Amino acid sequence: MKIPLFTWIFFIPFLTIFSGVNVVLVSGQCRDQRPLMELRNSLTFVQSASTKLVKWNSTPNCCEWPGITCDKGGSGRVISLDLSFESITGGLDDSSGLFSLQFLQNLNLSSNSFNTTLPVRFASLTDLISLNLSSAGFIGQIPNDISKLTKLVSLDLSTNYFLGGPALELEKPNFATLVQNLAHLEELILDGVNISAQGSDWGKALSSSLPNLKVLSMTNCFLTGPLDDSLAELRSLSVIRLSSNNLSAPVPEFVANYPKLTALQLSSCQLNGIFPQTVFQIPTLEILDLSFNKLLQGSFPEFHQNLSLQILLLSTTNFSGTLPQSIGNLEKLSRIELVGNNFTGTIPSSIANLTQLFYLDLSSNKFEGRIPSFRKSKNLNYVDLSRNNLTGEIPSNHWEGLLSLTYVGLGYNAFHGSIPSSLFAIPSMQRIQLSNNRFGGQIPGFPNVSSSLLDTLDFSSNKLEGPIPSSVFDLAKLNVLELSSNKLNGTVELHLVQKLPNLTTLGLSYNNLTVIARGKNSNVSSLPQIKKLRLASCNLTVFPDLRSQSKLFHLDLSDNQITGQVPGWISELSLLQYLNLSRNLLVDLEKSLSLPSLSILDLHRNHLQGSIPAPPSFITYVDYSSNNFSSIIPPNIGNNLSFTFFFSLSNNHLTGEIPQSICKTDWLQVLDLSNNSLGGRIPSCLIEGIKTLRVLNLRRNNFDGSVPDKFPRSCGLKTLDLSGNKLQGKVPKSLENCTTLEVLDLGNNQINDSFPCLLKSILSFHVLVLRNNTFSGRIGCPGINGTWPRLQIVDLAFNHFMGNLPHNCLETWEGMMEGENRNLEHIKYDPLKLTNGLYYQDSITVTFKGLELELLKILTVFTSADFSNNNFEGSIPDVIGKFNALYVLNLSHNALTGRIPSSLGNLSQLESLDLSSNQLTGQIPAQLAKLSFLSVLNLSYNRLVGRIPTGPQMQTFSADSFEGNQGLCGPPLKLACSNTSGSTLTRRSNQRKEFDWQFIVPGLGFGLGSGIMVAPLLFSKKINNWYDDCIDKILLVLLPMLGLRYYARGDWRIKPEETSDEEDSTDADDDDVEVDTGDYFGGRYCVFCTKLDSTIKKVIHDQKCVCYESPISSSSSSFSSFSPS
C-alpha cells in the first residue's frame, strides 16, 4: 500500500517529536554506572568522613551522583570524576573499575591516603585533559606510561613533602622522559616529587617539550641550579614556583622579560648575588616570594604607578637600603613581609596610602625614627614592627578606626612615652606585644572588658610604674599576661588570677611588687591551669601552693626570700620542664626531685647542705653552685647526666676525687667544679672521653700531678680553667688540638715550661693567663710574626720570663686595638641557646687598680695586659701605644729601660698604668696627663727626671705614685722645681749629638765681650788702678745712703801683723772688743757676720757664722770692706 506524499508531510513533525523524546531519555541515562560501582566497592574509605562515595547509588542515574560529571552531548559517558578529600585509604590497582571509564577527561583523586604506587593503567585514560593526584598518598616511581597521556593540559602529582615519609620519584624514567610527549601541557605541578635533576637538564627539558607552559610548580623537588637560559623561551609562563630547591645561583635577568608573569616564588633556594630590580617593575606581577635566601642581596627601586603587586615576601634575605616613598604607589599591595633584613632609614609615611594592606611585618631590620599612621588601612589585621631602632612616642590616633586589627608587635625598639590607650579600644584586638622598650607611666585602664578579645598582653622590660590596673584581672579571655622587668609597685594577691580562667602565662618578675601567695583569700586551688609562672624577685617568703597546677611546665621563683625546704609536692608536677629556685634561702629538699619531664633545674645561691641530690634522669641543665653541699660527688652521678649539657657544682665544700662516671656522659658541654676542695689527679677520661665538652672549669681546688696530655683531635673546648691548683709539669702538647679555645687559665699552679708556642695556631684566644707559675724564657714564637689576633686579656705576671717584649708579637694582638668599635657583650657560652638568661659565663681574676679582682662576667670590651714581676728588659715597645682598647697595663717589677713612650697617651680607655720598679729614664711624657679615665698610676722606683706633667687627672695621684725617682720634682712631690734647676735638668735630659747654634752663637758673643773687659784688668796695672778708683767712688756714694760705711782702697788701716796679734790676745767668745778712738778699727772681722755698734766704735760678732781673718790689703786686690750698720 502506498502512502500519499502529503501524508508523510503530515507525520514528519510527530515523528520528530517522538524521536526527540527518545533521544532525551537516552542521553540522560549514565552508561558508566557499572564501572563506577566496581570502583566504589573496591575502595577503602572512612564513611563518616566521606561526602561523595557514601551517596553513590542513591539515585538510578549515576550522572547525578556527587563528584561525577557526564558528557552534555547526550552520550551518557562520565567525563569528570572528583573523589578528592574522601578519606580513601586503599583499594586502587590496575584492576580497578576506574580504568574502564575510557571517556574521562578530568580526574581528581587529591587529598587521600592511597598509600600505594601509581597504577600503570592510568595511561589507558588517553582522553585525560586534567589529572590531579596531589597529596593522594601515592608513592614510589612515577610510571613511564604517564607520558602517553598526550592530551594532558594540567598534571598535578604534588605530595605533602612537609609531612615526611616516602614520596613519588622520577628516576627511570627521568624528568625529560616524563614530559617529552606532553606538548599541550599548560600546568605542571610536581611539588614534593623527587626529581633530582641539574639546572641544565630540567631547564632544557621544559623549554624543548612544553612550549605552552603557563604554570610551573616544582617546589622541594631536589632540583639544582642555575636557572638555565633556555627557560627564557617559555614566553607564556605566568606562574613560577621553585621554592625549597638548592638552586645556589643568582636570579637571571631574563625573569623580568616574561610578559605575563603573575607569580614568582623562589623561597628557600639558596639564591645569591644581586636580585634584578627590574623584576619589581613587571606590570603583571602580583606575587613575589624570595624569602629565606640569606645570601640574596638587593634593594628596592622606585615603584611607578599601575603595578599589580599584591604580595611581597622578602623575609630572611640580605636586602638593604631604604623603603622608598614610592611604595605608596603600590595601591593593590595587601601583604608585606620584610622580616630579618638590613633595611635602614625611616618607614615612609606613604605606607599610609596602602588602603588594601592586610598584613605588615617589618620586624628585625634597622628601621629608625617614628612610625607612620595606619588609619587609612582599614583592612589591616596584623602589624609587626618589632626588633628595629624605632623611637619616639606612639600617638594614640595612629590606631583609630582599625576595626580589623588583631595583632600589634612593637617590641625590642626604643619607644617611650605612654602606652597608647587607643590600642585597648580596638574591639578586634587580640595580642599586644610591647616588650623591651622604654614605655613609662602607668598602664592604662581597659574599657569594655566584658567584650574584650584580648588574648596576649606583653609589656615586659619597660619602665612602667604604678600599680597593675584592676581591670586587667577582668579580661576574661586573657591567655598571656607578661609584666616582668618594669617598675610596677604595690601588692598583688595571687588569688586575683582566678578571675582569668584562660590564663596560661603569668609573668610579674623583677618589679617592685609584693606577691601575696598565702592568706585567707589566697585559695590557689581555684587558680586557672597555668603553664608558665614567673614570680622572680616578688618578695615571696613562702612557696605558693601550686600542687593543683597539673599543666605547669615553667616555674621561676628565683630571687626571693623563700626559706625552709623545697616542698615535696613539686615532684607531683609531672609536666614540669623548667624549675628555677635560685637565689633564695632554701636549706633542704623535702624529697628528691623525681620529675620525668624536668629539663632545666637551677638551685644555685641557696643554703642547701648535705649530700648532692641526684638530678632527674632526663635533665639537660643542672646548677647546684654556691650552696653548702659538703659531700663527695656521688660515684654514679654520671648515670643521671646522660642527656645533660650543663652541670655546675662550683662554690661548695665538696671533697674527694672526680668520679669516672662523669666521663660517660654523651652530651655534656659545660662542667664547672670550681671553688671546692676536690683533689687527686684530673681524670684523663675527662679530657679525651667527653668529645662534646666546651667548658671545663676546675679552678681553685687541690688537683695535683700534670695536666693529662689527652686532648683529642676533635677537641672543641672553648674555656679551660685549671687555675689555683697544684698542677705541675708542662703545658700538654695535645692542647694545640683545641683550635676553638677562647679562654685558657693556668694561673697559680706550679707549671714549669716555656712560653706556649704550641698554641700559636689557635686564632680564637680571648684570654691567656699563665700567672704565678715558673714559666721561663722569652715570650713570642720564633719563626712567626705573631699570634692570637683576638687576645684581650693576657696575664704573664710572677714568672721567670726574660728578654725584650717582642714588637712583632704584640702588633698582631688586634683585640686590644679595637677600642670603642666592639659591642658590649660578655664572653659566655650558651649550650642550649636559651633565652631565659641561663648560660655559662667565664670568670677570671685580674690585677686591676692595685687589687686582685674576679671578673664574673668578662666583657668583650675589657682588655688587660699584665707582664709584671718577670725579668723583661729593653725598652717598652711603641706598639703598645696602639692598644687603644686597653683598660689595664702592668709592666712593673721588671728591668725595662729607656724612656716611657709618648704613644701611651693614645690609650684613651686606660684606667690603670703600673710601670713601677724598672729602670726607666727620661721625663714623664706630657701625653699621660690627657688620659682622662686613668685612676691608678704607679711610676715609682725608676730613674725618671724632670717636672711631673700637670693635668686634671694627674693631680689626683699621691706622691707614692712617683717616689723613688730622685730626678722628679713638682706636685704631688714636696720637691719644687726651680727655674734654674728646671732649666738645667731640661738641658741634661735633652742632650743631642748635633750642635744647637741658637745657644752657641749668643754664648760666644758673651764670652768674647767678657774677655775684652777682663783682659786689660789682668795685664795692665794702670787700668787696674783706674778701675778700682772708679769702683771706690761709686761705692762711697751709694753705701752710706744704705746705712753702710765704706773704706776706700787707700784707707785700709789693719795690718796683717796686728790682726795676728789681735787674734792671739782676743778670746773668740768675747762680744766686745775695745779699740782706739781713731777712725779705724781692728780685730776679727767676718763679712755679713760682724757689725759695728751705733757709735761705729765697737765690733759685734755673730758666733754662728763661719769667720775669716780680717781682709789683707794688697795692691793687686780690688777688695773693699763694708759692714752692716
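1. Phe138 has a relative accessibility of 3% and is therefore buried, a term that denotes under 20% relative accessible area, with exposed meaning over 50% and partly exposed in between (1.4 Å probe, protein chains only). Phe122, at 0%, is likewise buried.

2. The model is predicted: local features need pLDDT of at least 70, side-chain atom pairs count only at pLDDT 80 or more, and totals for chains, interfaces and linings use all residues. Residues are numbered from 1 along each chain as its sequence is written, and side-chain values use heavy atoms, with hydrogens and water left out.

3. Rings of Phe, Tyr and Trp (its six-membered ring) pair if their centres lie within 6.5 Å; planes under 30 degrees apart are stacked, over 60 edge-to-face, and the rest tilted. The count under this rule is 32 aromatic pairs. In one of them, Phe122 and Phe138 have ring centres 6.4 Å apart and planes at 90°, so the pair is edge-to-face. Phe122 belongs to the loop between β5 (106–108) and β6 (130–132) and Phe138 to the loop between β6 and β7 (140–141), so the contact ties together parts 16 residues apart in sequence. Strands (E, at least two residues) are DSSP runs, numbered from the N terminus.

4. The Tyr382 and Tyr407 rings are stacked because their centres are 4.5 Å apart and their planes at 10°. This pair links strand β23 (residues 382–384), which holds Tyr382, with strand β25 (residues 407–409), which holds Tyr407, 25 residues apart. Tyr382 is buried at 14% relative accessibility, and Tyr407 is buried at 6%.

5. One aromatic cluster is formed by Phe755, Phe765, Phe775, Trp788, Phe801, Trp813, Phe867 and Phe872.

Terms used. Helix = DSSP H or I, 4+ residues; strand = E, 2+ residues; numbered from the N terminus.
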